[in-house]
Amino acid sequence: VRQRIDHLTSDTIIYGRRLFLHYADLEDSTTIRRHLYRIRPDEFYHLAGQTHVGASFEIPESTCQFAAMGTLRLLELLRDCEPVPKFLHVSSSEIFGNPTDSPQNENTPFRPISPYGAAKAFATDMVRIYRDSFGLFACNAICYNHESPRRGESFVTRKITRAAARISRGQQSELVLGNLSGRRDWGFAPDYVTAFRQMLKNQVANDFVLSTGVMHQVRDWLDIAFEAVGLDWTKYVKQDERFQRRSDSQNLVGDSSFAQTVLGWSPQTSFSDMVHAMVAADLEC
């Protein structure tokens, strides 16, 4: 993960002056407490945890330990800070699972269908409880899928853009995927980070769905990514049932009208531009 910020840690104008790295673990409350007391942050953004939905079926205990209990530990630590920093927890559309209503908003009932979704639902509720019971300025950013060139290579979106780049250069011969009809509400991660900042700058702590409101299929990623390198993806892509998820969410599309009304936020990057940006970045690797 560190290599994703090598351009920052190698910049002497930034690293050690504006950017400082402090090592800790979500299970190590003592170290986190020590950092909090020394740094005394005004804002705390919590994005840590096991975030791969498919992997959560293989390692459910550690997924829940980090995503669920890790969030609770942070909330308990923050209660003892003086002053208490504003807190943002990045939640997930996976808390809705297979919803009966579409699109989903902040009032949609939780129906998780994966260990990851269940862990995130727990964490999301705990943030609300600590906000209401202890007066913490604590927010949930309920994020739908958000992508960028920094996306891990184990995720289908990055698999596609990286494969398109490598196949175009003769470094790879094929790409094996699971369900090509899988649909998601995909947005651009930097747009969502802008919303994170706006949430903690808002006068009142609240929860916000962050989404584009538009669904796309995995096939749409293939169309755009391979077109960007002048190739026909049907000649290189194979399907394998081993890559199918045990339980896959359906109809996950978000209604971000509350964020648009309260924060003045809306996604600025189109789906096509996002895919092109990721392919371009992989071509430079």
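This is a predicted model: local features need pLDDT of at least 70, side-chain atom pairs count only at pLDDT 80 or more; totals for chains, interfaces and linings use all residues.
Residues are numbered from 1 along each chain as its sequence is written, and side-chain values use heavy atoms, with hydrogens and water left out.

Because six of the six residues of β3 (residues 138–143) are buried, the strand is largely enclosed by the rest of the structure. Helices (H or I, at least four residues) and strands (E, at least two) are DSSP runs, numbered from the N terminus, and two strands pair if DSSP finds at least two bridges between them. The pairings of β3 are set out below.

| β8 (residues 208–210) | parallel | three | V209 and I142 |

Together with helix α5 (residues 115–134), strands β2 and β3 make a right-handed β-α-β unit; a crossover is right-handed if, with the strands pointing away from the viewer, the path from the first strand over the helix to the second runs clockwise.

A nonpolar core is a set of buried Ala, Val, Leu, Ile, Met, Phe, Trp, Tyr and Cys residues joined through side-chain atoms within 4.5 Å. The largest one has 23 residues, and those with the most contacts inside it are I160, L177, W221, L222 and F226. At least two residues of this core come from each of α6 (156–168), β5 (175–177), α8 (218–228) and α10 (271–284), and the largest share, six residues, is that of α8. A second, separate core of 17 residues includes C139, C143, F208 and W265.

Contact means heavy atoms within 4.5 Å. T63, in helix α4 (residues 60–79), is buried with a relative accessible area of 0%, and beyond four places in sequence T63 touches Q50, S56, A68, P115, Y116 and A119. I32, in helix α2 (residues 29–39), counts as buried at 10% relative accessibility; leaving aside neighbours within four places in sequence, I32 is in contact with A24, D25, L26, L74 and L77.

How values were computed
Buried means under 20% relative accessible area, exposed over 50%, partly exposed in between (1.4 Å probe, protein chains only).
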